[in-house]
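I opened the model to look up a few residues and wrote down what I found. The entries follow the order in which I looked.

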Amino acid sequence: MIYVNADIDYGTWSWDISNKQVTFSPNWFLSLGYSVPKNLNQSIETWEKLIHPDDKAHVTHLLNRHLSGKTFIYQCVNRLLMKSGVYRANLDVGIVIIRNSFGEPLRMTGVDIDLSKTKFSQQELENNTNQYKINKLTSKQVEVCELVKKGLNDLELGDAL
């Protein structure tokens, strides 16, 4: 089991995928040592520039798997560049919360957690995920979740099922 220490910094984010705009919480910037900008809305490139070059392919692969609907949540251990010039161990976790009628992702939200004060690896993350597998949801339960994520109301949900 993984325990998160209360001393660990984290920041939240919300991504408008079609407009390539991310709204970062003030703590997202502060946890990386940056001052908080007047406008919390940034381009996705703000985040991409901070990812360690050796981690980019892995981050992109896991993110694309989630965006295409192959994983229930996006989770990735990577390194982010702090203002000090040092790369920090980081856990990035997110979920697409809105998809259009074609299933294309429109909005995603998540959190970045500072792992520099804890021992954690991508393998441990995958093992933990495989162990719990969202409480072993049935295919029907997953279908209901996907329909709810698309924004169907109760009547539409009933008709779809």
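**Entry 1: S31**

I looked up S31 and found it buried, with a relative accessible area of 4%; buried means under 20%, exposed over 50%, and partly exposed in between (1.4 Å probe, protein chains only). I noted that this is a predicted model, where local features need pLDDT of at least 70, side-chain atom pairs count only at pLDDT 80 or more, and totals for chains, interfaces and linings use all residues. Residues are numbered from 1 along each chain as its sequence is written, and side-chain values use heavy atoms, with hydrogens and water left out.

I placed S31 in helix α1, residues 26-31 (helices are DSSP runs of H or I, at least four residues, and strands runs of E, at least two, numbered from the N terminus). I found the S31 side chain 3.0 Å from the backbone oxygen of W28. Setting aside neighbours within four places in sequence, I listed D9, Y10, M82 and R88 as contacts of S31 (heavy atoms within 4.5 Å).

**Entry 2: L30**

I found L30 in helix α1 as well. I recorded L30 as partly exposed, at 49% relative accessible area.

**Entry 3: I98**

I located I98 in strand β5, which covers residues 87-99. I98 counts as partly exposed because its relative accessibility is 38%.

Conventions
A polar contact is a pair of N or O atoms within 3.5 Å; within protein, one must be able to donate a hydrogen and the other to accept it, and residues adjacent in sequence count only if both atoms are side-chain atoms.
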